[in-house]
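Subject: Structure handover

Dear colleague,

I am passing on the structure we spoke about, and I would be glad if you could read the notes below alongside it.

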Amino acid sequence: MAVKSARRVKPSQQRSSKASNIKLLKNPKVAFAFALLLCDAVLVALIIAYIPYTKIDWDAYMSQVSGFLDGERDYSNLKGDTGPLVYPAGFLYFYSAFQYVTGGEVYPAQILFGVLYIINLGIILFIYGKTDVVPWWAMSLLCLSKRMHSIFVLRLFNDCLAMMLLHASLVSLLHQRWHLGLIIFSGAVSVKMNVLLYAPPLLLLMLRAMNIGGVISALSGAALVQILLGIPFILSYPFAYISRAFNLGRVFIHFWSVNFKFVPEPIFVSKAFAISLLIAHLGLLTAFAHYRWCMHEGGLFKFLYSRLDPIKLKLALTSSFSLKKSYNSHSSIKVLRKEYIVTTMFVGNFIGILCARSLHYQFYSWYFHSLPYLLWKTPFPTLLRVMLFIGVEFCWNVYPSSLYSSALLLCLHLVILVGLWSAPPEYPYVDNKALTEDKDK
């Protein structure tokens with residue numbers, strides 16, 4: 001006779017599970033999210049079937065991947081139709097897999113990216129459902145962007161993959177899985193560097209969620225991912241790899257700028273303009289961190305001192321030598337509210353978008369999926385929120401961008417930023433009662 005080894009489930013656990021499932025099914029947001037996914041999947045299929053593919057970067061990606069697969073390890077020799085390879089090594093591994101699956105052909109790649117689009121949308125809808133900021137009907141805005149469908153299934157940009165991984169890492173952060181989240185985040189960075197716009201708010205969240213030992217171990221894991229992915233190139237041609245894959249000083253072509261087309265080209269390409277935007281970026285991040293994200297501790301500097309106190313730092317660094325101790329010490333840190341995590345991450349990224357020297361059309365994917373969330377965090381009336389969303393979408397669909405469309409986009413971004421600044425600061429931590437309720441979800 002076979003021995004039953006399955007552990008019996010207690011009746012109370014069964015009742016709790018059934019109650020949670022019934023509560024989930026009765027949530028109108030869940031049903032609406034599934035309906036959105038189904039409708040958008042049909043729309044994506046129709047777009048692939050009836051709208052012509054636009055040749056931009058896919059062939060260049062395949063040329064760069066082919067060089068890598070043929071044994072080339074010098075980044076300066078990996079080139080395509082649109083220029084040299086400028087992405088970290090993770091891009092090559094992912095797109096090598098894509099080439100294997102699709103044979104390098106466009107139509108199978110469109111189907112693959114259609115799947116990535118739906119997966120990314122599902123992740124975003126999950127995040128929205130967890131935070132409960134955006135009303136159920138407003139989630140439909142996520143499916144109404146002509147430009148976003150084009151970026152995914154008609155252009156096949158690597159921005160799509162990078163942002164899908166970023167959103168997946170955010171889900172890990174919502175479940176307090178910080179080490180896993182950092183590994184996925186590092187994977188996203190290895191596809192495209194724009195993900196680093198999320199790094200400053202992420203570091204602040206880590207300092208809240210873990211002690212210094214935990215932060216160091218999580219960052220070490222993220223760094224290890226970059227090292228392992230880049231080893232073939234670092235060992236062969238380290239300077240070529242680092243200078244190409246992690247070049248933060250690239251100057252983009254003025255013609256393709258969606259956000260600063262109204263700036264005269266000599267100023268646009270100048271170092272002074274780049275430095276001014278960098279100062280504005282750092283200043284806005286510091287202001288939001290001091291007056292909004294860390295307000296309950298008395299500001300950014302008091303918060304940092306409380307986390308980096310010399311005595312606490314010494315104890316944390318000592319305990320970080322023991323992995324077990326480092327993990328166990330996390331229990332003494334308060335749990336962060338999901339809404340606080342998402343707000344901090346999305347606002348931090350949006351500040352980077354506002355201060356970016358040049359936004360190309362595919363860069364819309366860097367923040368589009370956060371737009372409804374950000375708009376509903378402002379104190380604006382609903383009609384103004386919707387009008388701002390439509391205005392931003394309009395600007396991104398003007399081709400080529402003009403002086404007026406780029407100036408309008410900047411103004412809309414500034415209005416949204418002012419609204420975010422006007423919103424009341426959020427309390428970052430979950431109380432014990434809320435934590436118990438959250439575990440039951």
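A residue is called buried here when its relative accessible area is under 20%, and exposed when that area is over 50%. Please keep in mind throughout that this is a predicted model.

Backbone

With that cut-off, Leu156, at 0% relative accessibility, counts as buried. Leu156 lies in the loop between H6 and H7, and its phi is positive, at about 60 degrees, although the residue is not a glycine. Asp132 likewise is not a glycine and has a positive phi of about 60 degrees; it sits in the loop that runs between helix H5 (106–131) and helix H6 (146–154). Is Asp132 buried or exposed? Its relative accessible area is 57%, over the 50% limit, so Asp132 is exposed. A further backbone feature is the cis peptide bond joining Tyr399 and Pro400, with omega at about -10 degrees, and Pro400 belongs to the loop between helix H19 (382–396) and helix H20 (403–422).

Core and buried side chains

The largest nonpolar core has 131 residues, of which Tyr75, Tyr95, Trp178 and Trp396 touch the most other members. Helix H7 (residues 158–174) supplies the largest share of this core, namely 11 residues.

Leaving aside neighbours within four places in sequence, Gln64 is in contact with Leu78, Lys79, Gly80, Gly83, Pro84, Leu85, Phe91 and Leu92.

Helix packing

How do H5 and H7 pack? Their axes are 10 Å apart and the angle between them is about 30 degrees, which makes H5 roughly parallel to H7. The crossing of these two helices is left-handed. On the H5 side the residues that meet H7 are Phe113, Leu116, Ile119, Asn120, Ile123, Ile124, Phe126, Ile127 and Lys130, while the H7 side contributes Cys160, Met163, Met164, His167, Ala168, Leu170, Val171 and Leu174.

Helix H9 (residues 199–209) is mostly covered, with eight of its 11 residues buried. Those buried residues are Pro201, Leu202, Leu204, Leu205, Met206, Leu207, Arg208 and Ala209, and they pack against H7, helix H8 (178–189), helix H10 (212–236), helix H13 (271–293), helix H14 (300–307) and helix H17 (338–354).

Cysteines

A search of the whole structure finds zero disulfides. Cys395 counts as buried, because its relative accessibility is 1%. Cys160, which is among the H7 residues that meet H5, counts as buried too, at 1% relative accessibility.

With best wishes

How values were computed:
Residues numbered from 1 in each chain as written. Predicted model: local features only at pLDDT ≥ 70, side-chain atom pairs only at ≥ 80, totals over all residues. Heavy atoms only, no water. Disulfide = S-S within 2.5 Å. Buried < 20%, exposed > 50% of the residue type's maximum accessible area, 1.4 Å probe, protein only. Core = buried A, V, L, I, M, F, W, Y, C linked by side-chain atoms within 4.5 Å. Helix = DSSP H or I, 4+ residues; strand = E, 2+ residues; numbered from the N terminus. Contact = heavy atoms within 4.5 Å. Axes fitted to C-alpha atoms, helices over the stretch in contact; angles between N-to-C directions. Parallel < 35°, antiparallel > 145°, perpendicular 65-115°, else oblique. Left-handed = near helix turned anticlockwise from the far one by under 90°.
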